[in-house]
Amino acid sequence: MAEKQQKKNRGKQSREQQRAHAQRVLALLDREYTTQYRCYLNHENAWQLLFATILSAQCTDARVNLVTAELFRKYDSIAAFAGADLKELEEDIRPTGFFHNKAKNLIACARMLLEKYDGTVPDSLEALVELPGVGRKTANVIRGNIYHQPSIVVDTHVKRISQKLGFTKNDDPEKIEFELMEILPEDHWILYNIHIIQLGRTICTARSPKCTECFLREECPSCLVGKHPV
């Protein structure tokens, strides 16, 4: 019985240590990048961000922004997407990749928004993930950036760098999301994603991480053990 309690206490202490570690990391991120919110996908309203996020799957935000600059002029409403010709829309979004499925999902999503939600993008996770082409990542982008609900977005940068920082050992995005919810304070859930994207694009890149230049190097186990991050 005493041994079981000791194990429980060690587990609790480990989580507390992770939270303390996270607070130090967040303080450094805030100092470097400020606490200003920023969305890297250009949009003017909720449905544009929703559709841009659907297009961003397996595609860079920069490329999506190039495509949507013209796309949102051609299809200037949810109704326009709902009535789009599938083959024509496929060509319009071809540069984003996986354009067959994305075009089909955009049209189906637009039609569901009109039929079920009167053209309004819902704010609940349960409703959002029922929309064609929308998973937890996309739903949390909308909840956090449009409706300002505490939400953790696990993209490739968040997954990779959270593993390097020792916040998770999981590969499954949903499991990582719930682990980060345990470690990070709610007021930094969306901000963490914004900061980590910036870090992952400029310093902790996937191919050539600049560990010696990184302001998180003293808090990163990948640096402290002398290993080149992988």
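Modeller: A pocket is an open set of grid points with protein on both sides within 12 Å along at least five of seven lines. The model to which this is applied here is a predicted one.

Colleague: How much space lies in the largest pocket?

Modeller: A volume is the space filled by probe spheres set on the grid points. For the largest pocket, that space comes to about 960 Å³.

Colleague: Which residues lie closest to the centre of the largest pocket?

Modeller: The lining of this pocket consists of 38 residues. Helices H2 (46-55), H6 (99-117), H8 (136-145), H9 (156-164), H10 (173-183) and H11 (189-202) each give two or more residues to it. By type, the lining residues divide into 15 nonpolar, 13 polar and 10 charged. Closest to the centre are Ser56, Cys59, Lys137, Asp155 and Thr156.

Colleague: Is cysteine 59 buried or exposed?

Modeller: Buried means under 20% relative accessible area, and exposed means over 50%. Cysteine 59 has a relative accessibility of 16%, so cysteine 59 counts as buried.

Colleague: How many disulfides does the rule give?

Modeller: A disulfide is a covalent bond between the sulfur atoms of two cysteines. The rule asks for a pair of cysteine sulfur atoms within 2.5 Å. By this rule the count is 0 disulfides.

Colleague: Which cysteine has the sulfur nearest to that of cysteine 204, and how far away is it?

Modeller: A disulfide would require the two sulfur atoms to be within 2.5 Å. Cysteine 204 is in no disulfide. Its nearest cysteine sulfur, at 6.3 Å, belongs to cysteine 214.

Colleague: Which residues lie nearest the centre of the largest cavity?

Modeller: The structure has 1 cavity of 30 Å³ or more, and the largest cavity holds about 100 Å³ of space. Its lining divides into 12 nonpolar residues, no polar ones and 2 charged ones. Of the 14 lining residues, those nearest the centre are Cys204, Cys211, Cys214, Cys220 and Cys223.

Colleague: What kind of aromatic pair do tyrosine 33 and phenylalanine 215 form?

Modeller: The structure holds 8 aromatic pairs. In this one, the ring centres are 5.5 Å apart and the planes meet at 80 degrees. Planes over 60 degrees apart count as edge-to-face. The pair of tyrosine 33 and phenylalanine 215 is therefore edge-to-face.

Colleague: How many residues apart in the chain are tyrosine 33 and phenylalanine 215?

Modeller: Both residues are buried. Tyrosine 33 belongs to helix H1 (residues 2-33), whereas phenylalanine 215 is in the loop between H11 and helix H12 (221-224). The pair thus links distant parts of the chain, 182 residues apart.

Colleague: Which residue lies over the face of tyrosine 40?

Modeller: For a charge to sit over a ring, NZ of Lys or CZ of Arg must be within 6 Å of the ring centre. Here the distance from the ring centre is 4.7 Å, and the residue is arginine 201.

Colleague: Finally, how many helices and strands are there in the protein chain?

Modeller: The chain has 230 residues, of which 46% are buried. Its C-alpha atoms fill a box of roughly 65 × 45 × 30 Å along the principal axes. The count of elements is 12 helices and 0 strands.

Definitions and conventions: Residues are numbered from 1 along each chain as its sequence is written. This is a predicted model: local features need pLDDT of at least 70, side-chain atom pairs count only at pLDDT 80 or more; totals for chains, interfaces and linings use all residues. Side-chain values use heavy atoms; hydrogens and water are left out. On a 1 Å grid over the protein atoms alone, a cavity is a set of points where a 1.4 Å probe fits but cannot get out, and a pocket is an open set with protein on both sides within 12 Å along at least five of seven lines; lining residues have an atom within 4 Å of a point. Helices (H or I, at least four residues) and strands (E, at least two) are DSSP runs, numbered from the N terminus. Ala, Val, Leu, Ile, Met, Phe, Trp, Tyr, Cys and Pro count as nonpolar, Asp, Glu, Lys and Arg as charged, and the others, Gly among them, as polar. Rings of Phe, Tyr and Trp (its six-membered ring) pair if their centres lie within 6.5 Å; planes under 30 degrees apart count as stacked, over 60 as edge-to-face and the rest as tilted. Buried means under 20% relative accessible area, exposed over 50%, partly exposed in between (1.4 Å probe, protein chains only). A charge sits over a ring if NZ of Lys or CZ of Arg is within 6 Å of the ring centre and within 35 degrees of the ring normal.
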